[in-house]
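Here is a short note for a first look at this model. Please keep the structure open while reading.

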Amino acid sequence: MITALEQYDPQIYELLRQEATRQSGSIRLIPSENYVSKAVMAATGSCLTNKYAEGYPGKRYYEGQQVTDLVESLARDRAKKIFKADHANVQPHSGAVANLAAYSALASPGETIMGLSLPHGGHLSHGWTVSYTSKIYNSVSYEVDTETGQFDFNKILELAKKHKPKIIISGASAYPRKIDFKKFGEIAKSVGAYHVSDIAHISGLVVAGLHQNPMPYADIVSTTTHKTLRGPRGGMLLCKEECAASVDKAVFPGLQGGPHMHTISALAVALKEADTPEFIAYAKQVIKNAKTLAESLMGYGFKLFTGGTDNHLILIDLRNKNISGKKLAKALDRAGIVGNYNTIPGDPAKPFNPNGYRIGTPAVTTRGMKQEQMKKIAEMINTVTENIDNEDVVAKVGREVLLLCSEFPVPEHFIIPNKH
Ligand SMILES: *Cc1c(COP(=O)(O)O)cnc(C)c1O
C-alpha cells in the first residue's frame with residue numbers, strides 16, 4: 001500500500017511521513033486526540049472504503065451487502081453491550097452530525113434546545129451562535145458557576161422552566177469534573193423535555209466504568225468515537241428502544257447518504273478493544289495521569305479551573321501568569337508540546353484570544369507514559385511559561401521532549417521506510 005502511494009504520489013507520501021514523525025516526536029496533550037491501535041488503523045484503510053451501503057443491515061438500497069451487513073451488525077452489538085444500550089446507530093460521520101441527528105429525531109425546526117454555552121465548555125453543536133444548530137432551533141444556553149466551576153442545577157432548572165426547551169443537552173468539551181447526568185435527566189423530565197447526553201470526550205471513561213453512564217437517564221446518548229474511546233474518527237448514537245426508529249431515520253435518510261463502512265469496521269475493532277481489562281487499565285491510568293499532571297502544575301503556581309480534575313482533562317487559567325493562552329500554546333508547540341488555547345468560564349476574553357490552555361492525558365497514556373512522565377511534562381510546561389520569550393530555552397525543552405518521546409513509541413501504523 002505504502003509503496004504504491006510512494007510511487008504514485010511521492011509528495012503526499014512525504015507529507016504523511018512527516019506527520020507520522022511529528023506525531024511520534026511530540027507530546028500530544030490535546031484532550032480530544034489519541035493514537036488508535038494498529039488493528040483499528042488497518043481496518044480504517046480497508047477495501048470497505050469502496051462500498052456503498054445506504055440503509056441499515058437487512059434493508060439496503062444497493063446489492064452486494066453480504067459482508068457490510070455483518071460488519072455493521074457486529075459494530076452495533078458491541079456498542080450496545082459496552083454502553084448498555086438497547087440500540088446503537090454507528091453511521092454518523094462525526095460527533096457534530098450525530099448531535100444534529102439526535103436533535104432532529106426529537107425536535108422540529110424552530111423548537112427550543114438548551115445546552116452548555118461554548119465559552120463555558122460546551123460544544124459548538126450544542127446550539128452555539130455560529131453553529132447551524134442555532135439557526136434551525138431556538139437555542140438557549142446554560143452556564144457553569146464561575147466561582148466553583150460546578151453546574152448550578154437550581155439555575156438550570158429555572159432556565160428550563162422559563163424557556164420550556166424540547167431538548168436539554170448535557171455534556172461538554174472542556175469540563176474537567178464529573179457530570180451528574182442523572183440530575184440533568186431529572187430536570188429534563190420535570191419540564192417535559194427530552195435529554196440528549198453528549199459524552200464525546202469521556203465515552204472511553206464511561207465504558208471503563210470510571211464515569212457515570214448517562215444511558216439510564218437520557219433519551220439519546222451521542223458520542224464521538226475517536227477521543228478517549230480510541231477508535232477511528234466518527235460519531236455514534238445510543239438510545240432506548242423507543243427512540244431507535246427515529247434515530248435511524250434521522251441519520252439516514254435524514255442527514256446522511258452512504259455510511260463510511262471502512263470507519264464502521266474500524267469502530268467495531270475499537271469497541272472490541274474497549275471491552276478488555278487492558279482498556280480499563282488504560283482508562284484508569286488516563287485519570288491518574290491527569291491528576292498527577294494537575295497537581296504538579298499547581299505545584300508550579302498554575303491556577304486550574306475548578307482547582308483540579310476528575311477526568312482526562314485540565315483547563316489552565318493563565319490570568320495570574322500574564323500570558324495569553326495562544327502565546328503559551330504556540331511556544332509549547334515550538335517545543336513539541338501540543339495542546340490548545342481555550343476560554344475560561346467567566347473570563348470576558350474572546351474565544352480567539354482567551355486566557356486558558358486546555359490539555360489532557362489520553363494520548364500520552366496510550367503511549368505508556370505514567371505519573372513520573374507527567375511530572376516531567378509539568379516541569380517542561382513551567383520552563384516554557386517562565387521563559388516564554390527565550391527561544392534557546394524553548395529549543396532546549398524541545399530536545400527533552402524528543403528524548404522523552406523516544407522512550408515511548410507510538411503504535412506503529414505502517415512502516416515508513418527512510419527515503420532512499
Ligand atoms: C468533539 C466534540 C463533538 C464533535 O465531534 P466532531 O467529530 O469533531 O464533529 C461534539 N460534542 C462534543 C462534546 C465534543 O467534545
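1. Basis. This is a predicted model, in which local features need pLDDT of at least 70 and side-chain atom pairs count only at pLDDT 80 or more, while totals for chains, interfaces and linings use all residues. Residues are numbered from 1 along each chain as its sequence is written, and side-chain values use heavy atoms, without hydrogens or water.

2. Ligand shell. The ligand is surrounded by 13 residues; the closest are Gly95, Ala96, Ser173, Asp198 and Lys227. By class, three shell residues are nonpolar, eight polar and two charged. Here Ala, Val, Leu, Ile, Met, Phe, Trp, Tyr, Cys and Pro count as nonpolar, Asp, Glu, Lys and Arg as charged, and the others, Gly among them, as polar. Helix 5 (residues 95-106) gives the largest share of the shell, three residues. Helices (H or I, at least four residues) and strands (E, at least two) are DSSP runs, numbered from the N terminus.

3. A backbone N or O atom of glycine 95 lies 2.9 Å from a ligand oxygen. For alanine 96, a backbone N or O atom is 2.8 Å from an oxygen of the ligand. Serine 173 places a polar side-chain atom 2.8 Å from a ligand oxygen. Taken alone, the ligand exposes 380 Å², and the protein buries 85% of that (Shrake-Rupley method, 1.4 Å probe).

4. Four strands form an open sheet, ordered 11-12-15-14, with antiparallel pairing. Strand 11 (303-304) and strand 14 (340-342) are at the edges with a single partner strand each, so one side of each has no neighbour in the sheet. Two strands pair if DSSP finds at least two bridges between them. Strand 12 (residues 313-317) and strand 15 (residues 356-360) pair over five bridges. Isoleucine 314 stands opposite isoleucine 359 in strand 15.

5. Cis bond. The peptide bond from phenylalanine 252 to proline 253 is cis, with omega near 5°. Proline 253 belongs to helix 10 (residues 241-255).

6. Positive phi. Lysine 164 is not a glycine, yet has a positive phi of about 45°. Lysine 164 is in the loop between helix 7 (153-163) and strand 7 (167-170).

Terms used: A residue is near a molecule or strand if one of its heavy atoms lies within 4 Å of it. A polar contact is a pair of N or O atoms within 3.5 Å; within protein, one must be able to donate a hydrogen and the other to accept it, and residues adjacent in sequence count only if both atoms are side-chain atoms.
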